[in-house]
Amino acid sequence: MAPISIGDNIYIELTESGIELETSGHFDVPKDANNLAFKAALLFLSHYSIRTGLKIKLTKVIPPGAGLGGGSSDAATVLFSLKELFGIKDSIDSLFQLAAQLGSDVPFFLLKKPALCTGRGEKLQPATIHYPRKGILFYPGFPIQTPWAYRKYRELLDHGVLHPPDPETIDQPLNDLEQVVFSKYLWLGTLKNWLIGRFHPELCLMSGSGSSLFALFRQEDPQFFESLIQEAKNYLGSCCWIRSFEILESF
């Protein structure tokens with residue numbers, strides 16, 4: 001997993017009591033305990049027996065249900081920010097323990113650098129990215145539910161429909177969940193094939209359980225990315241959310 005140069009914005013202020021979550025931006029998300037940022041605040045206040053209230057202002061830039069860890073990054077940001085805000089002296093390890101309770105991807109966003117994530121995703125080992133760091137991100141305008149993707153993958157695996165490759169034979173990154181997701185959401189497979197055939201990226205994969213795809217390029221010319229984005233918008237239509245990004249060493 002790797003952090004990129006696109007993210008949500010979060011502002012937190014103290015109040016007398018309760019937790020209020022105010023959201024804005026391009027995408028609608030829950031404003032209650034169904035939101036990971038809200039859950040993170042509840043967990044933190046309860047864990048440290050803090051009685052004050054909070055107002056969280058969340059501006060959504062990352063599409064929800066896109067396989068990009070938007071909600072997980074929000075939760076991690078809330079945990080880290082509250083640790084700073086309340087001057088908690090515990091080591092960062094205490095936050096990792098709280099993060100793991102919120103979701104498999106949340107600990108990664110506390111590490112703040114590329115990592116190999118194993119187990120459920122909570123076991124982290126800093127990693128080096130050997131692929132280009134500049135790319136384009138595509139969100140088709142519809143979400144995919146992560147539990148569905150993993151459940152369907154397990155079902156097809158158990159019935160012998162899927163045959164995962166031997167890790168020893170893999171010579172480039174792949175996403176096993178593409179087989180499951182592309183079989184239902186044909187548009188995504190069409191997008192990937194178009195990107196590869198038209199622009200020849202160094203790497204093109206679905207991110208996580210979808211629904212977003214990313215393509216990485218060795219190009220440094222900003223005009224290349226502007227031209228690609230414009231052509232993609234013309235080809236894919238206005239429903240598709242497209243952004244250029246850069247993989248970060250740290251943030």
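Guide: A residue is called buried here when its relative accessible area is under 20%, exposed when that area is over 50%, and partly exposed in between. The model is a predicted one. By that cut-off, the buried residues of H1 are Ala37, Phe38, Ala40, Ala41, Leu43, Phe44 and Leu45. These buried residues pack against S2, strand S3 (53-60), helix H2 (70-85) and helix H3 (92-102). The length of H1 can be checked as well: at 1.5 Å a residue, its 12 residues should span 16 Å, and because the end C-alpha atoms are 16 Å apart, the two values agree.

The loop between S2 and H1 holds Asn35. With a relative accessibility of 6%, Asn35 falls under the cut-off of 20% and therefore counts as buried. Apart from its neighbours within four places in sequence, Asn35 is in contact with Leu21, Val29, Pro30 and Leu58.

A pair of aromatic rings is described by the distance of the centres and the angle of the planes. Rings pair if their centres lie within 6.5 Å, and by this rule the model has 12 aromatic pairs. One of them joins Phe27 and Tyr139, with 5.9 Å from centre to centre and 90° between the planes, an edge-to-face arrangement. Phe27 lies in the loop between strand S2 (19-25) and helix H1 (36-47), while Tyr139 belongs to strand S6 (residues 134-139), so the pair ties together parts that are 112 residues apart in sequence. Both Phe27 and Tyr139 are buried.

A second example is the pair of Phe142 and Tyr185: the ring centres are 5.3 Å apart and the planes stand at 20°, so this pair is stacked. This pair, too, links distant parts of the chain, 43 residues apart: Phe142 is in the loop between S6 and helix H5 (146-158), and Tyr185 is in the loop between helix H6 (177-184) and helix H7 (186-199). Phe142, at 23% relative accessibility, is partly exposed. Tyr185 is likewise partly exposed, its relative accessible area being 21%.

Phe27 and Tyr139 also form one aromatic cluster with Trp241. S6 and S9 run antiparallel and are joined by six bridges; Phe138, for instance, has Ile242 in S9 as its bridge partner.

Elsewhere, strand S4 (residues 115-118) and strand S5 (residues 123-126) pair in the antiparallel sense over four bridges. In this pairing Leu116 stands opposite Gln125 in S5. The hairpin of S4 and S5 has four residues between the strands, and Gly119 takes a positive phi near 70° there.

Two charged side chains complete the account of the rings. Lys112 lies over the face of Phe80, 4.7 Å from the ring centre. Arg198 has its charged end over the ring of Phe199, at 4.9 Å from the centre.

Methods. Residues numbered from 1 in each chain as written. Predicted model: local features only at pLDDT ≥ 70, side-chain atom pairs only at ≥ 80, totals over all residues. Heavy atoms only, no water. Phe/Tyr/Trp six-rings, centres within 6.5 Å; stacked < 30°, edge-to-face > 60°. Helix = DSSP H or I, 4+ residues; strand = E, 2+ residues; numbered from the N terminus. Buried < 20%, exposed > 50% of the residue type's maximum accessible area, 1.4 Å probe, protein only. Lys NZ or Arg CZ within 6 Å of the ring centre and 35° of its normal. Contact = heavy atoms within 4.5 Å. Pairing = 2+ DSSP bridges. Expected span 1.5 Å × (residues − 1).
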